[in-house]
Amino acid sequence: MNSRGRIRAHTAQQGHGNSLLDVLRHADFQRLFAGIEPVTLKFGEVLQEPGVPFRHVYFPIDCVISLLTPIEGHPDLGIALIGREGMVGIPLALGIGSSSRRALVQNPGTAMRMESAPLRRAIFQSMPLRQALYRYKHALVGQIGQLAACNQFHPVQARLARYLLMTADHANLTEIRLTQEFLASMLGVERSAVTHASGALEKDGLIKCGRGKMTILDRKRLGAASCECYQIIKRIYASMYAHG
Amino acid sequence: MLAGLPRKDYRKLLLVLEPVKLNFGQVLYESQSRIRHVYFPNDCFVSMLTGVDGDRSAEVGLIGSEGMIGLPVALGIAVSPFRAVVQGGGTAMRMKIADFRREFSESVALKRELFLFTHLLMIQIAQTAACNRFHPVSQRMARWMLMTSDRIKSNEFRITQEFLALMLGVRRVGVSVAASGLRERKLMAYRRGSFTILNHRGLVAAACGCYKIVKDVYARAQGKRDLSHQHRRIRTRNRTNE
């Protein structure tokens with residue numbers, strides 16, 4: 001079996017629910033991740049502040065984390081989403097102990113939490129883990145670059161559709177808890193633009209807006225309403241294990 | 001980047017490095033295409049672009065002699081997520097990726113430098129993403145001029161307004177308006193495809209804060225690295241003395 005096949009087999013066998021942890025053999029996981037523990041993350045919790053050394057890293061299971069860039073004169077802009085395919089604290093894989101971005105819990109749920117020192121040791125000792133983290137880092141850079149262009153050029157409605165689909169994919173859910181205010185900050189637009197865009201998607205029967213939540217009703221048509229960036233980013237993640 | 005490596009590692013790399021001349025507008029990689037060489041710029045600089053809708057693109061990063069083009073290979077992936085286009089022609093050293101992979105796995109210093117640079121580039125990309133979304137063209141243009149000037153270490157560079165419009169993701173008329181504003185304030189001059197920075201400090205004031213944020217991060221990282229080199233040297237010296 002090639003290494004890709006092995007990775008899949010492991011995932012099927014144990015399934016921690018996070019793709020990065022799933023690359024580890026059971027024995028290695030036990031040995032290297034002894035101190036890891038599940039935590040429940042609440043909406044709006046800040047997991048990482050710009051420039052502050054990581055105390056913990058997080059491997060999301062069914063929550064979604066937003067990476068935000070602080071920017072003068074505006075609310076932080078959402079530049080990437082992290083779900084069960086990734087981790088919060090990825091600069092550690094490159095030997096760097098802090099980030100210039102803020103990490104905020106966007107959809108509550110469970111994550112595996114670990115202190116950063118043992119993770120450094122695990123990275124040092126486990127080649128499969130290292131490889132998985134590097135590949136994830138690569139995909140994350142690709143995501144941020146794509147969203148940079150997307151935020152600059154694409155209309156709010158297409159970006160909203162893209163954002164909802166990405167969030168749903170990251171946590172495997174169809175009902176997404178978020179306020180319009182929060183969405184406005186994520187998309188870098190005025191709140192009224194979000195109201196307008198979500199109203200249009202709702203009118204077409206693609207989503208349903210409730211108090212503090214949005215429900216995806218028609219995934220396929222929401223995909224068609226989204227800009228191409230949704231598919232591009234999906235391909236970037238799919239290719240994480242495809243290129244040697 | 002290469003100059004920061006220990007002499008022994010650098011000499012070893014020289015055996016597999018090949019000098020090349022890169023011309024303005026040359027595409028080193030298309031996005032999602034296979035990387036065959038990595039490039040270490042000497043006096044040229046290269047833009048990382050994300051394309052959307054076939055004809056529009058946004059510049060997300062600018063790399064000069066402080067870095068390397070082809071970073072995904074350091075992360076084990078030989079596919080570029082971005083389009084890499086030469087912005088300022090000049091010379092670079094390049095290496096086949098098979099050679100690079102070997103050298104990378106054998107040189108702790110090269111690995112450390114490249115991981116640090118990957119981190120710095122990520123900060124640049126994230127900052128640029130937010131900057132492009134919010135800040136007015138003239139501020140972004142000032143930032144771009146300063147970043148470019150830092151990378152080629154010159155106050156004068158050739159670039160057409162068309163190209164600049166592409167880099168900033170705006171229409172050409174937006175660039176013309178911003179350029180004449182900066183010219184009127186005597187911050188820079190523009191003549192026949194050539195920009196000259198006249199007042200560096202004034203241009204920094206005219207740029208958005210993103211310029212300084214990214215520059216400070218690079219400077220801090222550089223400082224830390226120089227310090228750690230010094231420490232190592234001192235440690236080695238102490239050991240020799242003992």
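**View 1. The two domains of chain A.** Chain A is divided into domain 1 (3–127) and domain 2 (155–226), with domain bounds taken from an automatic or database domain assignment. This is a predicted model, in which local features need pLDDT of at least 70 and side-chain atom pairs count only at pLDDT 80 or more, whereas totals for chains, interfaces and linings use all residues. Residues are numbered from 1 along each chain as its sequence is written, and chains are lettered from A and ligands numbered from 1 in the order in which they are written. The centres of domain 1 and domain 2 of chain A, taken over C-alpha atoms, are separated by 25 Å.

**View 2. The contact between domain 1 and domain 2 of chain A.** Domain 1 of chain A contributes 15 residues to this contact and domain 2 of chain A contributes eleven residues; two residues are in contact if their C-beta atoms, placed from the backbone, lie within 7 Å. On the side of domain 1 that touches domain 2, at least two residues each come from β4 (64–71), β5 (74–82) and β6 (102–107) of chain A. Helices (H or I, at least four residues) and strands (E, at least two) are DSSP runs, numbered from the N terminus. The most is given by β5(A), with five residues. This side of domain 1 has six nonpolar, six polar and three charged residues. In this classification, Ala, Val, Leu, Ile, Met, Phe, Trp, Tyr, Cys and Pro count as nonpolar, Asp, Glu, Lys and Arg as charged, and the others, Gly among them, as polar.

**View 3. A three-stranded open sheet in chain A.** The strand order is β8-β10-β9 (chain A), and the pairing is antiparallel; two strands pair if DSSP finds at least two bridges between them. At the edges are β8 (175–177) and β9 (207–210) of chain A, each pairing on one side only. From one strand to the next, the twist averages 20°. Three bridges join β8(A) to strand β10 (residues 213–216) of chain A in the antiparallel sense. A:R177 has A:K213, in β10(A), as its bridge partner.

**View 4. Helix α7 of chain A across the strands.** Helix α7 (residues 191–203) of chain A lies across β9 and β10 of chain A and runs at about 130° to β9(A). Axes are lines fitted to C-alpha atoms, for helices over the stretch in contact, and angles run from 0 to 180 degrees between N-to-C directions.

**View 5. The interface of chain B with chain A.** Here 34 residues of chain B are in contact with 35 residues of chain A. The side of chain B that touches chain A receives the most from α3(B), with 16 residues. By class, this side of chain B has 21 nonpolar, ten polar and three charged residues.
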